[in-house]
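Here is a friendly briefing to read alongside your model. Please keep the structure open while you go through the points.

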Amino acid sequence: MSRFFSTALCALFVCTLCSTVASASDTVAGKALYDSKSCMACHNTGMAGAPKLGDQKAWAPRIAQGVPVLVSNAINGFSGSAGTMPAKGDDATLTDAQIGDIVAYMVEKSK
Ligand code: HEC
């Protein structure tokens, strides 16, 4: 019985670690992905109306919505007054967590 409990506790602990790791955005990984994926094609130049990386004025009202909204808009895509953000920047190989990392990097660079 006690063995069962320690196994269960152990599993719980590992799970807690998992979710902590998954929810903490990694801006270093985000930068690498940003630079190697489609994101930089639009967001470095402002192509198609994309808010440029580092353009604090363009990002301030977006950041004000809260990072979860930005991540969700980047994952699902959306059309705003500036143009159309394609879902996952048109790269379906990116996971939601990777988009989270990229957005965290973009926000860090643009505020
Ligand atoms: C084809 C060009 C294009 C590509 C590629 C692209 N974006 Fe965008 N993105 C846009 C445009 C245009 C907007 C602004 C839409 C508007 O507000 O009207 C935008 C807006 C955003 C926003 C702000 C969302 C908001 O709620 O204001 C985030 C975050 C974002 N993009 C992340 C990304 C990420 C991450 C990638 C790469 C996976 C990416 N974008 C690739 C064009 C692009």
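**Gly83 and its surroundings**

Gly83 counts as partly exposed because it has 14 C-beta neighbours inside 10 Å, and a buried residue would need 20 or more. Please bear in mind that this is a predicted model.

*Where Gly83 sits*

- Gly83 lies in the loop that links strand E1 (78-79) to strand E2 (84-85).
- Leaving out residues up to four places away in sequence, Gly83 touches Ala48, Gly49 and Ala50.
- Between the C-alpha atoms of Gly83 and Pro51 there are 9.6 Å, although the two residues are 32 residues apart along the chain.

*Around the ligand*

- Which residues come nearest to the ligand? Of the 33 residues around it, they are Cys39, Cys42, Gly80, Gly83 and Gly89.
- The shell around the ligand draws at least two residues from each of H3, H5, E2 and H6.
- By residue type, this shell is made up of 18 nonpolar, 10 polar and five charged residues.

*The largest nonpolar core*

- The largest nonpolar core contains 16 residues, and those with the most contacts inside it are Tyr34, Ala74, Ile99, Ile102 and Val103.
- Helix H2 (27-36), helix H3 (39-43), helix H5 (67-76) and helix H6 (96-110) each contribute at least two residues to this core.
- H6 gives the most to the core, with six residues.
- Ala74 is in contact with Met85, Ile99 and Val103, leaving aside its neighbours within four places in sequence.

- Gly30, Leu33 and Tyr34 are the buried residues to look for in H2.
- Why do they lie on the same side of H2? They cover an arc of only 105° around the axis, so they share that side.
- H3 and H6 are among the elements that cover the buried residues of H2.
- On the face of H2 turned away from its buried side, you will find the exposed residues Val28, Asp35 and Ser36.

- The chain has an average pLDDT of 87, and 79% of the residues score at least 70.
- Residues 14-22 deserve a separate look: pLDDT stays under 50 there, and the model has one contact beyond four places in sequence for them.

Methods:
Residues are numbered from 1 along each chain as its sequence is written. This is a predicted model: local features need pLDDT of at least 70, side-chain atom pairs count only at pLDDT 80 or more; totals for chains, interfaces and linings use all residues. A nonpolar core is a set of buried Ala, Val, Leu, Ile, Met, Phe, Trp, Tyr and Cys residues joined through C-beta atoms within 7 Å. A residue is buried if 20 or more other C-beta atoms lie within 10 Å of its own, exposed if 12 or fewer, and partly exposed in between; C-beta atoms are placed from the backbone. Helices (H or I, at least four residues) and strands (E, at least two) are DSSP runs, numbered from the N terminus. Two residues are in contact if their C-beta atoms, placed from the backbone, lie within 7 Å. A residue is near a molecule or strand if its C-beta atom, placed from the backbone, lies within 6 Å of it. Ala, Val, Leu, Ile, Met, Phe, Trp, Tyr, Cys and Pro count as nonpolar, Asp, Glu, Lys and Arg as charged, and the others, Gly among them, as polar. pLDDT is the predictor's confidence in each residue, from 0 to 100. The arc is that of the directions from the helix axis to the C-beta atoms.
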